[in-house]
Amino acid sequence: MKPASARIRLLSRTALLCALLCILSVITLPIGAVPATLSLLGVFLCGLLLPTKNACLAVLGYLLLGAVGLPVFSSMQGGIGVLLGITGGYLWGYLPAVWVLSVLNTRLPRISSHRFLSEIGASCAALLVCYTCGTVQFLCLTNSTVTTALAVCVLPFLLPDLLKLAAARMLSRHFDRLL
């Protein structure tokens, strides 16, 4: 069992990253049916900086805060209606995505020359999980074709999300030292 100070430090880090995710999520660029936010940057940071259980708790905390109505989702929205709406699948997808990222990040090689590639690969797998969850819910609620859903929900976001992924990787080094 960890000493109390280590548990408190980890809990504080988890709460801080949950708060950061809440802040990043409200920064929105409305570009269509699915708004662009910085929330994935926060999800990636949680997965890179926290152990699996705590990464999932940080994202779950964010989802629960939004579900009860706090305006932590894009465009300062909150409530269960957002989670059940056409973009809600992307929000739900954060939970399995952060789990995938954290698990892969902790189990992939720690050799410094391969660490960058393993983190990028784990982050890409997490992004794929998030896109899958969000696109499936979008398809179910809009009766769109898969091609239309991918054109609306994935293609416009691919490059910006890959940039967020790279930014999270770089920022995680600095945050890890600060935290």
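Visitor: Leaving aside neighbours within four places in sequence, which residues is Val 129 in contact with?

Guide: Contact means heavy atoms within 4.5 Å. Val 129 is in contact with Gly 93, Pro 96, Ala 97 and Val 100, leaving aside its neighbours within four places in sequence. Val 129 itself is found in helix 6. Helices here are DSSP runs (H or I, at least four residues), numbered from the N terminus. The C-alpha atoms of Val 129 and Tyr 94 are separated by 8.3 Å, and the two are 35 residues apart along the chain.

Visitor: What should I know about the source?

Guide: This is a predicted model: local features need pLDDT of at least 70, side-chain atom pairs count only at pLDDT 80 or more, and totals for chains, interfaces and linings use all residues. Residues are numbered from 1 along each chain as its sequence is written, and side-chain values use heavy atoms, with hydrogens and water left out.

Visitor: Is Val 129 buried, exposed or partly exposed, and why?

Guide: Buried means under 20% relative accessible area, exposed over 50%, and partly exposed in between (1.4 Å probe, protein chains only). Val 129 has 22% relative accessibility, so it counts as partly exposed.

Visitor: Where does Thr 135 lie?

Guide: Thr 135 is placed in helix 6 (residues 112-142). Thr 135 counts as buried because its relative accessibility is 7%. Its side chain makes a polar contact with the side chain of Tyr 90 (3.3 Å). A polar contact is a pair of N or O atoms within 3.5 Å; within protein, one must be able to donate a hydrogen and the other to accept it, and residues adjacent in sequence count only if both atoms are side-chain atoms. Not counting residues up to four places away in sequence, Thr 135 also touches others, including Ala 149, Leu 150 and Cys 153.

Visitor: How many salt bridges does the structure hold?

Guide: Side chains of opposite charge can pair when their charged atoms come close. The cut-off for a salt bridge is a side-chain nitrogen of Lys or Arg within 4 Å of a carboxyl oxygen of Asp or Glu. The structure holds one. It joins the side chains of Asp 161 and Lys 164 (2.9 Å, N to O). Asp 161 and Lys 164 are three residues apart in helix 8 (residues 155-178), so about one helical turn separates them. Asp 161 is buried at 3% relative accessibility, and Lys 164 is buried at 11%.

Visitor: How many aromatic pairs are there?

Guide: A pair of aromatic rings is described by the distance of the centres and the angle of the planes. Rings of Phe, Tyr and Trp (its six-membered ring) pair if their centres lie within 6.5 Å; planes under 30 degrees apart count as stacked, over 60 as edge-to-face and the rest as tilted. By this rule there are two aromatic pairs. The rings of Tyr 62 and Phe 73 have centres 5.5 Å apart and planes at 85°, so this pair is edge-to-face. The pair links distant parts of the chain, 11 residues apart: Tyr 62 is in helix 3 (residues 52-67), and Phe 73 is in the loop between helix 3 and helix 4 (80-84). Both Tyr 62 and Phe 73 are buried. Tyr 62, Phe 73 and Tyr 94 form one aromatic cluster.

Visitor: Where does Gly 47 lie?

Guide: Gly 47 lies in helix 2 (residues 39-49). Gly 47 counts as buried, at 1% relative accessibility.

Terms used. Helices (H or I, at least four residues) and strands (E, at least two) are DSSP runs, numbered from the N terminus.
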